[in-house]
Amino acid sequence: MRASAAAWLSALLLIGASAGAATVRVRPGESLQQALDGASPGDTVEVERALHRGNFIIDKPLTLRGIGRPTLSGAMQGDTLRVTAADVTIEGLIVRDSGDSLKDQNAGIYLRPGAHRAVVQNCDLTYNLFGLWIEKANDVRIEANLITGKREYNSSQRGNGIQLYNTTGARIIGNNIGFVRDALYVDVSHHAVFRGNKLHHSRYGSHYMNSYYNLWEDNDSYYNRGGLALMEVRDQVVRGNRTWGNSDHGIMLRTLQDSLIENNIIAGNNRGFFIYDVEYATLKGNLIVDNHVGVHLSAGSTRNVVEGNDFIANREQIRYIGARDEVWGCPLPKDRKDRGQPVPPEQCAGNHWSNYLGWDRNGDGRGDVPYEANDMVDRLSWRYPGLKLLLASPAIQALRLVGQQFPVLRVPSVIDPRPQMRAAHKQWSEWRDKHYPGQ
């Protein structure tokens with residue numbers, strides 16, 4: 001109740017200030033910091049095109065707007081622009097040349113604790129250690145910015161493009177971020193939306209830690225070491241993204257629960273999905289195509305729903321490490337206590353596997369025999385990579401059948417009782433050959 005009253009009071013004060021708001025124009029050669037210091041809450045400070053050197057501070061609610069894209073340069077020290085007040089809008093600027101101190105978290109724009117409802121839009125943040133550092137500032141909106149780092153630095157010496165720490169309600173929309181350590185780093189930040197961003201040429205496109213109730217939608221992650229890494233999280237929705245050409249994984253799910261991963265395209269990565277210690281998640285409608293390994297599955301990842309996905313032209317569909325068979329393609333009982341119990345095959349929707357060798361005698365679109373990944377031939381091909389040249393030969397197909405008939409030769413595997421005979425993604429071939437340059 002107190003928080004609600006405080007929010008209403010803040011809004012009323014802002015409305016009162018806006019009623020008498022003025023526009024202050026900063027011309028070439030004039031002091032930007034003096035204009036910021038002299039402005040009243042609710043004013044707009046317009047900056048004409050020029051180079052302004054310094055470490056600027058905004059300590060009251062106002063709008064800082066560039067006219068003709070002026071440049072703010074931090075002269076390679078400290079934060080170029082620091083915001084300590086709520087309800088600040090920054091737009092149309094080039095912000096560059098922060099300091100290099102990882103300890104001090106030098107940033108192009110540093111939104112300090114309490115800078116709630118800040119808006120940063122249509123800016124270029126370039127040659128900064130961290131592009132944007134956002135700490136304990138809620139309901140911020142970061143939209144349509146171009147963010148690049150100090151690309152000649154080693155990855156460990158760079159900062160992140162956008163760093164969110166201990167925030168709620170952030171909206172990160174339509175940004176283009178590259179040549180940083182991690183394009184988006186999200187730590188202890190909840191109820192956020194990440195939509196329409198392009199994340200590339202970094203260590204991770206997105207690196208999530210300890211963050212809940214977030215939506216990740218319609219983003220492109222490419223030419224990174226890892227596309228999207230979700231670690232120690234729950235209640236995530238990851239929908240309609242494209243992650244391709246990453247040198248390690250497309251999407252990493254590590255220690256994740258109660259999340260929905262649907263309708264994503266994971267193409268041309270070393271590992272499409274890396275799934276480790278994941279429970280009560282739903283993966284459906286995804287296209288996993290032309291990866292070296294479609295899914296690397298390990299560490300007790302079980303009690304998940306995996307159905308309606310297309311696994312096409314991956315060199316290894318599944319690399320599974322586990323003590324017992326894992327059934328995919330079937331629903332789970334709503335009561336968690338009953339999960340892990342066998343499900344009748346007729347209830348299974350199945351996934352599509354491009355290397356499935358079964359048949360469909362009744363024409364219902366689902367295979368009559370289960371698909372089994374990680375079989376004897378797969379294990380031999382891991383040990384002897386040259387065997388892959390013979391995978392289509394009659395001898396290798398016969399070896400697969402022998403492995404199915406003599407269980408003593410098999411190891412725990414991923415089983416799909418009723419695989420789909422046809423792919424749901426008709427344009428899957430458009431996602432071939434999207435590999436990381438040089439791979």
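User: Which handedness does the β-α-β unit made by β1, helix α2 and β2 have?

Analyst: Quick caveat before we start: this is a predicted model. To read a crossover, point the strands away from you and follow the path from the first strand over the helix to the second; clockwise means right-handed. Here β1 (residues 23–26), helix α2 (residues 32–38) and β2 make a right-handed unit.

User: And how do β1 and β2 pair?

Analyst: They pair in the parallel sense, over four bridges. For a landmark, look at V26, which stands opposite V47 in β2.

User: Which strand does β2 pair with over five bridges?

Analyst: That's β5 (residues 63–67), and the pairing is again in the parallel sense. Find T44 and you'll see that its bridge partner in β5 is T63.

User: Is β2 largely enclosed or open, and why?

Analyst: The idea is to look at each residue's relative accessible area, where under 20% is called buried. In β2 (residues 44–48), four of the five residues are buried, so the strand is largely enclosed by the rest of the structure.

User: Let's go further along the chain. How many bridges join β20 to β23?

Analyst: Three bridges join β20 (residues 193–195) to β23 (residues 212–217), and the two strands run parallel. R195 stands opposite E217 in β23.

User: What about R242: where is it, and what does its side chain make a polar contact with?

Analyst: R242 is in strand β26 (residues 242–244). For a polar contact, you check the distance between N or O atoms, with 3.5 Å as the cut-off. The R242 side chain reaches the side chain of D220 at 2.9 Å. Leaving out residues up to four places away in sequence, R242 touches D218, N219, D220, S221, I265 and W431.

User: Last one: where is A313, and is it buried or partly exposed?

Analyst: A313 is found in the loop between β35 (310–312) and β36 (316–320). Its relative accessibility is 25%, so A313 counts as partly exposed.

User: Which residues is A313 in contact with, beyond its neighbours within four places in sequence?

Analyst: A313 is in contact with D290, N291, S354 and R432. When reading a list like that, compare separation in sequence with distance in space. A313 and R432 are 119 residues apart in sequence, but C-alpha to C-alpha they are 8.6 Å apart in space.

Technical notes. Residues numbered from 1 in each chain as written. Predicted model: local features only at pLDDT ≥ 70, side-chain atom pairs only at ≥ 80, totals over all residues. Heavy atoms only, no water. Pairing = 2+ DSSP bridges. Buried < 20%, exposed > 50% of the residue type's maximum accessible area, 1.4 Å probe, protein only. Contact = heavy atoms within 4.5 Å. Polar contact = N/O pair within 3.5 Å; in protein donor to acceptor, adjacent residues only side chain to side chain.
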